[in-house]
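Subject: Structure handover

Hello,

Here is the structure for your files. Please open it next to this message.

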Amino acid sequence: MSESLPFDEYKTPIANLLEVRRRSIDDLEGFWDEKARALHWFKTWDKVLDDSNPPFYKWFVGGVTNISYNALDVHMDSWRKNKAAYIWESEEGTIKTLTYLELYREVNKFAKVLKDLGVKKGDRVTIYLPMVPELPISLLATVRLGAMHSVVFSGFSSSALADRINDAESKILITSDGGYRRGKYIPIKEWADEALKNTDTIEKVIVVRRTGKEVNMVEGRDYYYDELMSKVSESTYIPPEPMKAEDPLFILYTSGTTGKPKGVQHSVGGYMVWAYWTLKWAFDPKEDDIWWCSADIGWITGHTYIVYAPLMHGLTGIMYDGAPNYPAPDRVWEIIERHRVTILYTSPTLIRMLMGYGDEYVLEHDLSSLRVLGSVGEPINPEAWKWYYTVVGKERCPIIDTWWQTETGGFMITPARGISLVPLKPGSATFPLPGIDAEVVDEDGNPAKVGERGYLIIKKPWPGMLQTLWKDPDRYKEVYFSRYPGAYYTGDYCIKDEDGYFWLLGRADEVLKVAGHRIGTMELESAIVSHPAVSEAAVVAKPDPIKMEVPVAFVVLTSGYEPSEELANEIKKYVAKSMGPIARPDSIFFVASLPKTRSGKIMRRLLKAVILGKPLGDITTLEDAASVEAIKKAYEEFKKAVGGA
Ligand code: PRX
């Protein structure tokens, strides 16, 4: 099924694409009315888009569906039921295949388990699991009942888990007896228990056996997954709950510019349609593709492109539970060769890391199965792009650089193989997809000049957009729709070049991108300040050759504490424990005071200039100019002495 191009095929690929997009935007409702019919609905919609109360848009109003039906049930009447839905490989080397029929059965059985534990439509289920098959099973079983999942990345700490459980008021937690990373046991159940000390909504805990290690089980609260499942008959069928298109489907927390993570809420109908079409447009997957999205399901990339979209397309997906460079730097290439992966979708951080090991690891493996390569999470630098294209893809595979966000539900700006593949430019995500009215604007909202950096905004609603922030509609309006009234503000810098290509340049706000993960500076600062030795902290991003950015913290100590390398290490450890290892500061610098404006705002811009050794620029609003000089001096001294600890 390729997007038909009912017009003159002598046009250039760019003109073709722009024409499809122009038509879609001119008639947004007509366009989506047709597209949404590719999926199964118990009842079709009365209205495609209700925009009577912006920015709270409703898609496919009156429509009734269930995404688990479209991911599973639709395949049960065809030969696809015996096709592999997932090929799972563990770090230790165990390989398991789950067919669509097996997945369907597991999901129905687990939906029964959840139902018997009291889960019903609208309830929240928190899922804190490593990359095991029970993870997609849990998502699908939850939404089959019309409940909402809130997946928390299993590398997150207990306090991050507790915050997310409390905000979502979840009544069930699904977790595991542990995990493995680089051969090391990860005590996931212990972290979950720790989190449960600070939450009071969880009634039952379901524990998946991943390691077989003995873990603490609380009588009457904790149950093993396999024991609950063994009591349910193999042929159990739980009818998918008929859901209104505008009902919420799931919450996924992500970092923003203020202290608290935001609960991004996606819709049943709009998200489903968007997930389906974006995968089709960008990658144009075929029946015999072996799709490997190497993200973790704890992030939006995994939600949309490991679970929902590939299953709706009936694809075979790889799930890998382990470190990509363990036990050797060629693990990724080995997996591709072993399973004859045809599409690899991964992050620039991983590409740069693997590039750093040298070409020989790639060349040792037969990667001839690969047809298409994808990238996500951060801007891909041209050097990494070229390496990916030549060494990995042997100049045969287009690079599909997908720009999008947790909030957008699916790809937004990306080459669209399934429509009209435009000539690629290393480092540009090319053009917005159909239905996406994107623009680069200046501070005042006027279109930025060609080649000039501005802010990326989206001027019209699209089906995959978040509905709101969980329990916080005011913050939703404030964060995304207040800066440029009527338009969605992405928070990203962007340039449009002379050919109309979009070049995404990273965050324009105080959100860091560390190895593709979003970390809010304020969230990190509040974690640092909660250490008893710290009275104030400011975090800025330092460029990093592999991870793109790493957090660097400037810290003012509470009186009575002395700066030392030990204390810096202790604060780093403390942050890793409270937020998770990805948030661990790369360096900590002790300073006597932080540069602030007269109104008391920390001038992070100046700290960044100090780190980059750049001119400080305008400092007229600075309350105490001496503080920057002192910081510069402290920074230089630290660099010389302890190397920034
Ligand atoms: O800054 C952009 C960057 O990642 C941000 C969204 O992060 P998150 O919600 O965690 O979702 C990541 C996976 C979709 C964006 O605001 N970003 C993501 N993909 C790209 C990108 N920047 C440049 N190019 C990309 N392909």
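Below are the notes on its sheets and helices.

This is a predicted model: local features need pLDDT of at least 70, side-chain atom pairs count only at pLDDT 80 or more, and totals for chains, interfaces and linings use all residues. Residues are numbered from 1 along each chain as its sequence is written, and side-chain values use heavy atoms, with hydrogens and water left out.

Helices and strands are DSSP runs, numbered from the N terminus (helices: H or I, at least four residues; strands: E, at least two).

**The seven-strand sheet**

An open sheet of 7 strands runs in the order β5-β4-β17-β16-β18-β19-β20, with mixed pairing. Two strands count as paired if DSSP finds at least two bridges between them. The edges are β5 (95–99) and β20; each has a single partner strand, so one side of each lacks a neighbour in the sheet. From one strand to the next, the twist averages 20 degrees.

Helix α10 (residues 300–312) packs on this sheet. It touches β4 (84–90), β16 (290–293), β17 (316–321), β18 and β19. Contact means heavy atoms within 4.5 Å. The direction of α10 makes about 165 degrees with that of β16. Axes are lines fitted to C-alpha atoms, for helices over the stretch in contact, and angles run from 0 to 180 degrees between N-to-C directions.

**Strand β19**

Is β19 buried or exposed? 5 of the 5 residues of β19 (residues 372–376) are buried, so the strand is largely enclosed by the rest of the structure. Buried means under 20% relative accessible area, exposed over 50%, partly exposed in between (1.4 Å probe, protein chains only). Val372, Gly374 and Val376 lie on one side, Leu373 and Ser375 on the other.

Strand β18 (residues 343–346) pairs with β19 in the parallel sense over 4 bridges. Val372 is the bridge partner of Ile343. Strand β20 (residues 399–402) also runs parallel to β19, joined by 4 bridges. There, Ser375 has Asp401 as its bridge partner, and Gly374 stands opposite Ile400. With helix α14 (residues 382–392), β19 and β20 make a right-handed β-α-β unit. Right-handed means that, with the strands pointing away from the viewer, the path from the first strand over the helix to the second runs clockwise.

**The four-strand sheet**

A second open sheet has 4 strands in the order β21-β22-β24-β25, with antiparallel pairing. β21 (438–441) and β25 (502–507) are at the edges, each with a single partner strand, so one side of each has no neighbour in the sheet. Neighbouring strands are turned by 45 degrees against each other on average, direction ignored. Strand β24 (residues 488–496) is joined to β25 by 4 bridges. Lys496 has Phe502 as its bridge partner in β25.

**Helices**

In helix α15 (residues 473–481), the buried residues are Arg475, Tyr476, Tyr480 and Phe481. They pack against β15 (262–267), β23 (468–469) and β24.

The axes of helix α2 (residues 28–35) and helix α9 (residues 268–283) come within 11 Å and cross at roughly 85 degrees. Phe31, Trp32 and Lys35 in α2 meet Val273, Trp274, Trp277 and Trp281 in α9.

Best regards
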